[in-house]
Number of protein chains: 2
Amino acid sequence: MNANDNVIIAYKDAPARTVDAGGVTYAYRELGPKGDIPVVFFVHLAGTLDNWDPRIIDPIAKGRHVIAFDNRGVGASTGRVPDSVEAMADDAYAFITALGYGKVDIFSFSLGGMIAQALVVKHPDLVRKLVLTGTGPKGGKDMDKVARTTYWDIVRATLTRSDPKEFLFFNRNATGRPAARAFVNRLEERTTDRDAEIKVKAFQTQLKAIKKWGRGTPDDLSKITQPTLIANGDNDRMVPSILSDDLHRRIKNSELIIYPDSGHGGIFQYHDKFAPAAVDFLTR
Amino acid sequence: MNANDNVIIAYKDAPARTVDAGGVTYAYRELGPKGDIPVVFFVHLAGTLDNWDPRIIDPIAKGRHVIAFDNRGVGASTGRVPDSVEAMADDAYAFITALGYGKVDIFSFSLGGMIAQALVVKHPDLVRKLVLTGTGPKGGKDMDKVARTTYWDIVRATLTRSDPKEFLFFNRNATGRPAARAFVNRLEERTTDRDAEIKVKAFQTQLKAIKKWGRGTPDDLSKITQPTLIANGDNDRMVPSILSDDLHRRIKNSELIIYPDSGHGGIFQYHDKFAPAAVDFLTR
């Protein structure tokens, strides 16, 4: 019997696991066939293990070993959320090396993409390929406004009894609204053994870290030589879409996909196009 | 056939109505037998016509003509939310007199109770009996902290995918949690012709008005001579319970009910006790 005969191929079925590193117990899930280097998923602001779109993670896990984890102090991971993106990258490094990996591919979204950049800049040898979605560079224009937009949309969502992601990730039009609902519903496909929600203080500390990153001194992204796939919607209210162009210009070995008529969650809205593109990029 | 043979006795079945006054179209609903002076319901922060607990409004409407309305700029009422509680009271006066009433009983909760006090102080002859629940006096201690508590709980509720009222109105214990869920579910009993939700800016203006009220010069409440019923839970995080005692001391002809092991929504948690008490007070 082959070791991969019983491989888990659906993220909703991936069991909860933990690993200790640097005094922190990191919660993670893994799926897909082991053997090759893994694809590690770096999640967004307030995101836990339950915030990955199965329509993106499952297609990638069909051919690749996928690992998703909770940042320190978020979801089921212990410790306190650090107040800088760079410290979050140190945590990610500690987590990945604690699992025993010296080389990984990274799939990242939003805050996860900021952490991924900080990680690659500090530990270039750790990363083979990089996927940066819905994200922007350190010191990027208007990235320090994420907190304001987020709070506004949280109130807006509360008063309309919606999920804030429907406002933050999608356009409020005939294309975006149903895409938003579908996305939010997909996150509920896992019905058992769900992750803990993020706490208010942890969330606020993440927002502060993003603001600091948005106002920080830009990194020299020409140091990033890894093959990099950059993607976003064309109308991102959280991390302005133009910052994806900025990343593309500054990361030499990069490809750029901008989806029309979509926002921060463009890759989720266009999962049927984006998932194959990501699989192709990660496996070629 | 008696005019009251077809009287609507369930709030969920009360049709949406409007009346124009002072350039504003006020949305309202009415139910219960007409004839005696009506009981007008004054709703809370962010509250619309859909925020009244049927377990309280229905028992009162069994024997009394009940009218609930949307404040200016809230729900289906037109215009802009004014930035002071006193201006909201002027609106309430305009609404009530536009309906043709020169004398009413008032049932109020939270912000509604502040508006009711301002209305009675300015138009003492308009009001026969007064019910003040989950509320406090102008200049009352810590009432200016309502906004802070509200925003915190909105974020907390968002991150736990709950209704903020579960945090703001109820204790987070074995008694409060199921009472909160039951209350939130009761607000969904009306399934058709529901009201519009409040807009973010309208909500923020209400919060500012409450803060101003909390920091304002206290009214001379000894001027209130109407029979007054004051009620709250013993652990109100929004409008501190001690302010109910304060109201009781300062309004001479008042009765006070404080429910144990409950918060801002104590009257909703104890609806089976409070509704008969309110009916008794209003009909005796």
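Q: In what sense do β3(B) and strand β5 of chain B pair?
A: In this predicted model, β3(B) pairs with strand β5 (residues 104-109) of chain B in the parallel sense, over four bridges.

Q: And which residue in β5(B) does Phe41(B) stand opposite?
A: Phe41(B) stands opposite Phe107(B).

Q: How many bridges link β3(B) and strand β4 of chain B?
A: Three bridges join β3(B) to β4(B), which covers residues 66-69, and the pairing is parallel. Within β4(B), Ala68(B) is the bridge partner of Phe41(B).

Q: What do β3(B), helix α1 of chain B and β4(B) make together?
A: They make a right-handed β-α-β unit, in which helix α1 spans residues 54-63.

Q: Changing topic: where is Lys138(A) found?
A: Lys138(A) sits in the loop between β6 (127-133) and α4 (146-159) of chain A.

Q: Why is Lys138(A) counted as buried?
A: Its relative accessible area is 18%, and Lys138(A) therefore falls below the cut-off for buried residues, which is under 20%.

Q: With which side chain does the side chain of Lys138(A) make a polar contact?
A: The partner is the side chain of Glu86(A), at 2.7 Å.

Q: What else does Lys138(A) touch?
A: Leaving aside residues up to four places away in sequence, Lys138(A) touches Glu86(A), Gln117(A), Trp213(A), Gly216(A), Thr217(A), Pro218(A) and Asp219(A).

Technical notes. Residues numbered from 1 in each chain as written. Chains lettered and ligands numbered in written order. Predicted model: local features only at pLDDT ≥ 70, side-chain atom pairs only at ≥ 80, totals over all residues. Heavy atoms only, no water. Pairing = 2+ DSSP bridges. Helix = DSSP H or I, 4+ residues; strand = E, 2+ residues; numbered from the N terminus. Right-handed = clockwise from strand over helix to strand, strands pointing away. Buried < 20%, exposed > 50% of the residue type's maximum accessible area, 1.4 Å probe, protein only. Polar contact = N/O pair within 3.5 Å; in protein donor to acceptor, adjacent residues only side chain to side chain. Contact = heavy atoms within 4.5 Å.
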